[in-house]
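Please look over the model shown here before reading the points below.

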Amino acid sequence: MVSGHLFLCRRNSWPAEEYVTKTTLQLLDFDGGAPPEQAWRRQLNSHANKLKEFSVTFMEAMKMMTLGLRLWSYVREEASQGRKAPIDPFTRESCKPSASQGVPLGGMGSGSISRGFRGEFKHWQILPGSCEMSPVMANQFSIFISRDGGNKKYSSVLAPGQHEGLKKYGDEGISSWDWNLSGQHSTYHALFPRAWTVYDGEPDPDLKISCRQISPFIPHDYRESSLPTSVFVYTLVNTGKDRAKVSLLMTWANSIGGVSHHSGGHYNEPFIGEDGVSGVLLHHKTGKDNPPVTFSIAACETQNVNVTVLPAFTLENRTGQNGTTAKDMWDQMSQDGQFEHGNFKSGPSDPSLSGSTVCGAVSASTWVEPHGRCTVAFALAWSSPKIKFQKGRSYYRRYTKFYGTSERSAVDLVHDALMKYKYWEEEIEKWQNPILSDVRLPEWYKFTLFNELYFLVAGGTVWIDGEATTNPSSTPPPSPNAQTALTQTHSPNPLISNFDEVGRFLYLEGIEYIMYNTYDVHFYASFALLNLFPKIELSIQRDFARSVLFEDKRKVKFLADGTWGIRKVRGAVPHDLGTHDPWHEVNAYNIHDTSLWKDLNPKFVLQVYRDFAATNDTKFARDCWPGVVSAMEYMDRFDRDDDGLIENDGFPDQTYDAWTVRGVSAYSGGLWLAALQATATMAHRLGNRALAEKYKLKFMKAKLVYEAKLWNGSYFDYDRYSDSIQADQLAGQWYTSSSGLPPLFDEGRIRNVLQKVFEFNVMRVKGGRMGAVNGMYPNGKVDETCMQSREIWTGVTYGVAATMLLHDMEYQGFATAEGVFITGWSDESNGYWFQTPEAWTIDGHYRSLVYMRPLAIWAMQWAVTPPKAMLEAPKINMMDRIDISPLALRNLAETTCVRKIVPKNSCFSSAVFHCDC
């Protein structure tokens, strides 16, 4: 729990008044048009610098050369099958990442489109596992203003004109439009899932404009939050002396990003819906036998707003091609401020030709009186009811449960969005306001907490409603080098049965690491789902609980050492739920054999217990219990000296998959200790006394060994062979505290470790302005054993900060996390907003943008405000309630050499021996 005021940042506030004049803010404070007091802000004319990607050192490259060759061969083999490898460091996007991201559009799991802070629509993730990063520049909002009987006119695309590629379409394309916005007096304000763009006298000095972007991301609402739609509400304020005719224009290309608009066969059609909602449908024929997609762009006609459409225009003026060009469309809007009403009767357009781009447009026109105000609302929806994975299986998306399986449901989606967006905003504000008004919290933390949730929309999320509608027609042929690899098939997969009321949910490890629900990373990120969508979190845990009991004997080659093994071992928690055939073909990750990893099984047990403690859902606990028991029994094979503590095997056998660990280690060993305690407590709560006693005894034994072998007086050594200070060494204690369990160690010892990490891993790296470096030697030098030891992991930093908060180290906790904000989000940052990477280096190079782990910032909020079920739970040490027979205690004492001292208060009162605290 946090008490007191914690304003730690060197700049305590980012007031809107520094970006928008007070007068304009007051004028826009109408119908939600003014940006909030707390938000991430950016000038539209800010330079979107290119981001610097990491590179390995010469020695690191030499060590990984063999792995690199095997990985290159695997990437080529997958490409020959028409698939993208889950990890492909060799293929580079033509559009290099830049500091231009903003709040993404839509709800969760139905495909996503991101929108840069300057207004461009980019990062298209309509197809699973695919991200088209380049913006589609024809997708814009524009404005046309006429005053004084038409003698004074203004027109501009509502985005700065300094974009690359505007000339590539020629004079008949979008380069013929008016790109008159400098962005000098226009600002962007982001508080996910909403964003405001304020045009303070651009392009018309006497017209104040606010565009409010709203998406249906509403915690605990499993219907609205699945919808692929967004609303754009324009607030117009006329400060001039004469009335102004204002026409807003939305243009949209029939494209799902990349060069998909050039494939041909796409067509558009107008529609008139209910309640004044009308617009254009854009039917997109996807390639590679993927399901079609239909976009809908629409506006709402009211007593004061007139809506017209242009169903189709082209970006190219090709010989032999008739029709309206982009220039024709713009000229008509400049002259008339609207399109012909007869366009609504035009019917479907001709299918587009290969190499050409067909677009649609919606115009909404209104008169704004002197000193008057007006609101104009647009909506966008994309209906792709069916999702198809690359190995052939198809599913219906979650939103089809409410809107049916026709692509034409896009009409209903935009209608409902325009009718319900005010309800969405009310619910969003109910959720956000208690945090935004919490005076204990730093301002940077408040808006970063919400903005990091962008990943639940833009992280390649997939949310399905039921079982597969289409199964693969045949098993893919085995590769030439694995003729026996696929001859054995598995029994019916238990992961596809017993669909929960919220369906099934997937999200990528990252857009560069294309694996769904990567479990060692979900360990950090899951706090966001548990806080906001607990039913989804429980559904994911049930998937993994079933997977533990499942075996897949198909052969897989592991690229790190070239050995072969089976895809999934019974009793081992999978690394992920797959890539090209999720739930049916798990463990897409094939660098190492993750059945030998030491962190996955303990992390599964800890997450199940935490979720049980947070929800008090006994049925969930009983559903997962067989998986918990199997996972714990499986780990016995790694306790090779029978001292109760698992040992690492001399390779990177945990989430730090390039950082070798040998023998007993702080990270894996600490997770194991926490899992033993969680299993004992869970067994006790479920009435299994025998297992409760068994795992309490193992915990007591292992705890003594762990401390005796690793404690050096101020922290736990990385392993028996390295005294590196690992930032994440208390990951097990983090979950222990987050779950309401007794601390693993003496409280003073825990705080000593955290202080050591703060002083060395945090403050000795750029004065605490970057986060916590993974490894640091006690002499103050960064551990450069490998690439990952010298990196700063954003999600790990948030997890360490959460652990500090849980142990009443508020200053250290927020100062640690603030380093991520400074490097990733602040005015002086490297530009990682809305694309927070897995890691960065001290010299400012990133690795793996748009990554899952930074959702761990919600573990900090968990520490600040624990869930109701845990706050109201009896303050009882459940471990003290687990009875151990005298004989078992005597046997334990005889097999354990312990120096007898007076026990600390944190030791268990039922013990007949004394711990070495």
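1. Basis of the note. This is a predicted model, in which local features need pLDDT of at least 70 and side-chain atom pairs count only at pLDDT 80 or more, whereas totals for chains, interfaces and linings use all residues. Residues are numbered from 1 along each chain as its sequence is written, and side-chain values use heavy atoms, with hydrogens and water left out. Helices (H or I, at least four residues) and strands (E, at least two) are DSSP runs, numbered from the N terminus.

2. The nine-stranded sheet. An open, antiparallel sheet has its nine strands in the order E1-E6-E7-E8-E9-E16-E13-E12-E11, where two strands pair if DSSP finds at least two bridges between them. Strand E1 (40–43) and strand E11 (267–272) are at the edges with a single partner strand each, so one side of each is left without a neighbour in the sheet. From one strand to the next the twist averages 15°. At the E1 end, four bridges connect E1 with strand E6 (residues 186–191) in antiparallel fashion, and Gln43 is found opposite Thr187 of E6.

3. Helices on this sheet. Helix H6 lies across E6, strand E7 (194–200), strand E8 (207–214), strand E9 (229–238), E11, strand E12 (277–284), strand E13 (293–300) and strand E16 (373–383), and runs at about 110° to E16. Such angles run from 0 to 180 degrees between N-to-C directions, and axes are lines fitted to C-alpha atoms, for helices over the stretch in contact. Helix H7 lies across E1 and E6, at about 75° to E6.

4. H6 against H7. The axes of H6 (residues 409–436) and H7 (residues 443–451) come within 10 Å and cross at roughly 150°; the two helices are therefore roughly antiparallel to each other, a term used for angles over 145 degrees. In this pair, Trp431, Gln432, Ile435 and Leu436 of H6 meet Lys446, Leu449 and Phe450 of H7, where contact means heavy atoms within 4.5 Å. The contact of H6 with H7 comprises five nonpolar residues, one polar and one charged.

5. Burial of H7. Is H7 mostly covered or mostly uncovered? H7 is mostly covered, with nine of its nine residues buried, buried being under 20% relative accessible area with a 1.4 Å probe and protein chains only. Among the buried residues are Glu443, Trp444 and Lys446, and what covers the buried residues of H7 includes E1, E6, H6, helix H17 (794–806), helix H18 (810–824) and helix H19 (857–864).

6. The five-stranded sheet. A second open sheet, also with antiparallel pairing, has the order E5-E4-E10-E15-E14, and its edge strands, E5 (152–157) and E14 (305–314), each pair on one side only. Helix H4 (residues 326–336) packs on this sheet, touching strand E4 (140–147), E5, strand E10 (244–253), E14 and E15, and its direction makes about 165° with that of E10. Eight bridges join E14 to the antiparallel strand E15 (residues 358–368), where Ser363 is the bridge partner of Thr308.

7. H10 against H12. Helix H10 (residues 534–548) packs with helix H12 (residues 618–634) at an angle of about 35°, their axes being 8 Å apart. Residues of H10 including Leu538, Arg542 and Ala545 meet residues of H12 including Phe620, Asp623 and Gly627.

Technical notes. Angles under 35 degrees count as roughly parallel, over 145 as roughly antiparallel, 65 to 115 as roughly perpendicular and the rest as oblique. Ala, Val, Leu, Ile, Met, Phe, Trp, Tyr, Cys and Pro count as nonpolar, Asp, Glu, Lys and Arg as charged, and the others, Gly among them, as polar. Buried means under 20% relative accessible area, exposed over 50%, partly exposed in between (1.4 Å probe, protein chains only).
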